Amino acid sequence: MAAWWILPAAYALDRLVGDPRWLPHPVVGMGKAISAIEVAIRRLVQPRRYRVAGLLLPLLVVGGSFALTWAALRLLAMVNPWLAAVAEAAFIATTIAAKGLRDAGMEVCGHLRRGDLPAARRSLSMIVGRDTADLQPPEVVRGAVETVAENIVDAVVSPLFFALIGGAPLAMAYRAVNTLDSMVGYKNDKYIHLGWASARLDDIANYIPARLTALLLIAASWCLRLDPKGAWSAVRRDASAHPSPNSGYPESAVAGSLGIRLGGENSYHGVTSFRAYMGDKKRELEPEDIPRTAKLMFLVSGVFVLIGTSIWIGINGMIWV
């Protein structure tokens with residue numbers, strides 16, 4: 001990043017504007033590129049070579065996202081450095097989804113507050129992969145809380161983390177990694193070989209941010225007068241039991257903070273599976289747990305931006321000295 005204010009500006013832009021549907025979004029382009037490359041691989045490569053071909057997806061999509069963003073900023077810098085700085089903030093903002101995540105969760109919460117369970121189920125189905133048609137209110141709340149909690153890492157802290165390290169090009173590269181994982185990073189017959197590299201890269205990319213997020217959530221729990229001891233206990237005991245090497249950290253921290261239990265049985269296309277419990281069931285889930293989780297997310301992300309900006313200023317100050 002060229003200036004200290006770029007990261008705070010990017011975060012503020014996402015908080016204020018989010019991702020307007022009328023505005024073209026880089027993730028849409030990434031998705032189209034991934035689909036086109038996948039079609040080409042399946043057409044040109046024999047199935048027995050899919051595991052090797054799976055390396056092409058992150059190389060082309062992640063590398064291409066980094067290169068295109070870097071080139072665009074370089075060209076803008078030749079015209080005007082301020083123009084490049086503003087563009088960099090805008091690019092980083094597109095990799096963050098704090099407002100969109102909060103809005104999606106609050107849409108579910110709003111329906112539950114009004115007693116409109118069918119509408120809450122429909123809204124939840126837009127942000128989770130599980131079957132929602134028969135879920136009762138506590139399970140609808142659980143789905144929304146789990147989604148917001150998990151995505152504190154993927155949609156907020158991780159892109160901010162990589163933006164702090166490598167500016168918009170690295171933040172955009174991370175978003176490409178995350179998009180790849182969401183499209184091809186599945187352990188099913190279709191993607192077990194073609195998507196393995198994308199899934200593994202996503203695990204690696206989120207490793208440090210997930211654990212930083214858990215620590216920040218524990219601190220945020222103390223600030224919001226929730227249960228930091230419960231959060232710490234849940235992270236230590238439950239985080240590693242999650243099927244994802246990273247998602248268990250924010251989910252267990254949120255569960256411990258709120259005194260609720262996440263995890264349990266989920267149904268996917270009619271097939272029931274069990275996910276390890278996160279936290280202790282000190283009370284029943286309620287709709288207000290969704291905005292509580294959103295408050296934790298905003299406090300964590302705001303603190304991360306503050307700390308990250310301070311580190312940036314400190315390091316650059318030392319360099320200039």
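Author: This is a predicted model. Start at asparagine 206, which has 2% relative accessibility. Buried means under 20%, so asparagine 206 counts as buried. Asparagine 206 lies in helix 9. Set aside its neighbours within four places in sequence, and asparagine 206 is in contact with Val153, Asp154, Ser158, Tyr174 and Asn246.

Now follow helix 9, residues 196-223, to helix 10, residues 228-238. Their axes come within 8 Å and cross at roughly 160 degrees. An angle over 145 degrees counts as roughly antiparallel, so that is how helix 9 lies to helix 10. The crossing of helix 9 and helix 10 is right-handed. Helix 9 brings Ala214, Leu215, Ile218, Ser221 and Trp222 to the contact. Helix 10 brings Pro228, Ala231, Trp232 and Val235. By class, this contact of helix 9 with helix 10 has eight nonpolar residues, one polar residue and no charged residues. An α-helix has 3.6 residues a turn, so residues three or four places apart point the same way.

Between helix 9 and helix 10 runs a loop, and arginine 225 lies in it. Arginine 225 has a phi near 60 degrees, a positive value in a residue other than glycine. Most residues other than glycine have a negative phi. At 78% relative accessibility, arginine 225 counts as exposed. Histidine 269 also deserves a look. Its phi is positive, about 55 degrees, although histidine 269 is not a glycine. Histidine 269 sits in the loop between strand 1 (262-268) and strand 2 (271-278). With 74% relative accessibility, histidine 269 counts as exposed.

Helix 4 covers residues 56-79. At 1.5 Å a residue, its 24 residues should span 34 Å. The end C-alpha atoms of helix 4 are 34 Å apart, which agrees. Buried residues in helix 4 are Leu57, Pro58, Val61, Val62, Ser65, Thr69 and Leu73. They pack against helix 2 (26-44), helix 3 (50-53), helix 5 (81-95), helix 8 (137-184) and helix 9.

Alanine 173 is found in helix 8. Its relative accessibility is 5%, so alanine 173 counts as buried. Leaving out neighbours within four places in sequence, alanine 173 is in contact with Val62, Ser65 and Phe66. Val62 and Ser65 are among the buried residues of helix 4. Alanine 173 and glycine 64 are 109 residues apart in sequence. In space, their C-alpha atoms are 8.1 Å apart.

Helix 8 also has helix 7, residues 117-125, as a packing partner. The two pack at an angle of about 25 degrees, with their axes 10 Å apart. Angles under 35 degrees count as roughly parallel, so helix 7 and helix 8 are roughly parallel to each other. Helix 7 passes helix 8 in a left-handed crossing. On helix 7, the contact is made by Leu117, Ala120, Arg121 and Leu124. On helix 8, Pro137, Val140, Gly143 and Ala144 take part. The residues of this contact of helix 7 with helix 8 divide into six nonpolar, one polar and one charged.

The loop between helix 7 and helix 8 holds alanine 133. Alanine 133 is exposed, with a relative accessible area of 57%. Alanine 133 and arginine 121 are twelve residues apart in sequence. Their C-alpha atoms are 6.2 Å apart in space.

Finish with helix 5, one of the elements that the buried residues of helix 4 pack against. The axes of helix 5 and helix 1 (residues 6-17) come within 8 Å and cross at roughly 50 degrees. That makes helix 1 oblique to helix 5. The crossing of helix 1 and helix 5 is right-handed. From helix 1, the contact takes in Ile6, Ala9, Ala10, Leu13 and Asp14. From helix 5 come Ala85, Glu88, Ala89, Ala90, Ile92 and Ala93. By class, the contact of helix 1 with helix 5 has nine nonpolar, no polar and two charged residues.

Notes: Residues are numbered from 1 along each chain as its sequence is written. This is a predicted model: local features need pLDDT of at least 70, side-chain atom pairs count only at pLDDT 80 or more; totals for chains, interfaces and linings use all residues. Side-chain values use heavy atoms; hydrogens and water are left out. Axes are lines fitted to C-alpha atoms, for helices over the stretch in contact, and angles run from 0 to 180 degrees between N-to-C directions. Helices (H or I, at least four residues) and strands (E, at least two) are DSSP runs, numbered from the N terminus. Angles under 35 degrees count as roughly parallel, over 145 as roughly antiparallel, 65 to 115 as roughly perpendicular and the rest as oblique. A crossing is left-handed if the near helix is turned anticlockwise from the far one by less than a right angle, and right-handed if clockwise. Contact means heavy atoms within 4.5 Å. Ala, Val, Leu, Ile, Met, Phe, Trp, Tyr, Cys and Pro count as nonpolar, Asp, Glu, Lys and Arg as charged, and the others, Gly among them, as polar. The expected span of a helix is 1.5 Å times one less than its number of residues. Buried means under 20% relative accessible area, exposed over 50%, partly exposed in between (1.4 Å probe, protein chains only).
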